[in-house]
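Below are my notes on one loop and the sheet beside it in the listing. Please read them with the model open.

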Amino acid sequence: MNILRGLAGAVWLAAAVNGFATQRYVPGGGTPSYSTIQAAVNASVTGDVIRVQPGTYSESVTFRNMDITLTSTNPSDSNVTQSTIIAGNGTRSTVTFAGGQTSKTLFTGFTVRGGGGNVFFSSYLGGGGIYCLNASPQI
């Protein structure tokens, strides 16, 4: 009995330390689900996976200072990738990684368009579609 309690305690401690990744869905496909990609990103914690259904998402996405996975439903299918679109409005970068993301961050399975770039060093525009500064995500 003590061995069983010890094993249960070790499993609980490992879960508390490592946490469990939550699968998040945009706009549906499971629970919890979100109406926008950015809402799912904002709700995420390190290690979470966001799965995005095909469609056009008229928004810009800014990754927070943590490692998550943002993926279409099937990134190895070119039809899914071509039909899962993040469309910016031309006033800033469509997808932004601005610090803290490591190679454990994964962004895959999307078509990105409509970016206008982010201003850096006061007068330069960078990253029309994808802006990456002080970060090293897998794209």
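1. Asp67 is buried, yet it has no salt bridge; Lys104, the nearest side chain of opposite charge, is 5.9 Å away. Buried means under 20% relative accessible area, with exposed over 50% and partly exposed in between (1.4 Å probe, protein chains only). A salt bridge needs a side-chain nitrogen of Lys or Arg within 4 Å of a carboxyl oxygen of Asp or Glu. For charge, Lys and Arg count as positive and Asp and Glu as negative, while His and the chain ends are not counted.

2. This is a predicted model, in which local features need pLDDT of at least 70 and side-chain atom pairs count only at pLDDT 80 or more, whereas totals for chains, interfaces and linings use all residues. Residues are numbered from 1 along each chain as its sequence is written, and side-chain values use heavy atoms, with hydrogens and water left out.

3. Asp67 sits in the loop between β4 (61-63) and β5 (69-72); strands (E, at least two residues) are DSSP runs, numbered from the N terminus. Beyond four places in sequence, Asp67 touches residues including Val45, Gly100, Thr102 and Lys104, where contact means heavy atoms within 4.5 Å.

4. Met66 is found in that loop between β4 and β5 as well. At 13% relative accessibility, Met66 counts as buried.

5. β4 pairs with β7 (residues 95-97) in the parallel sense over three bridges; pairing requires at least two DSSP bridges. Thr62 has Thr96 in β7 as its bridge partner.

Terms used. Helix = DSSP H or I, 4+ residues; strand = E, 2+ residues; numbered from the N terminus.
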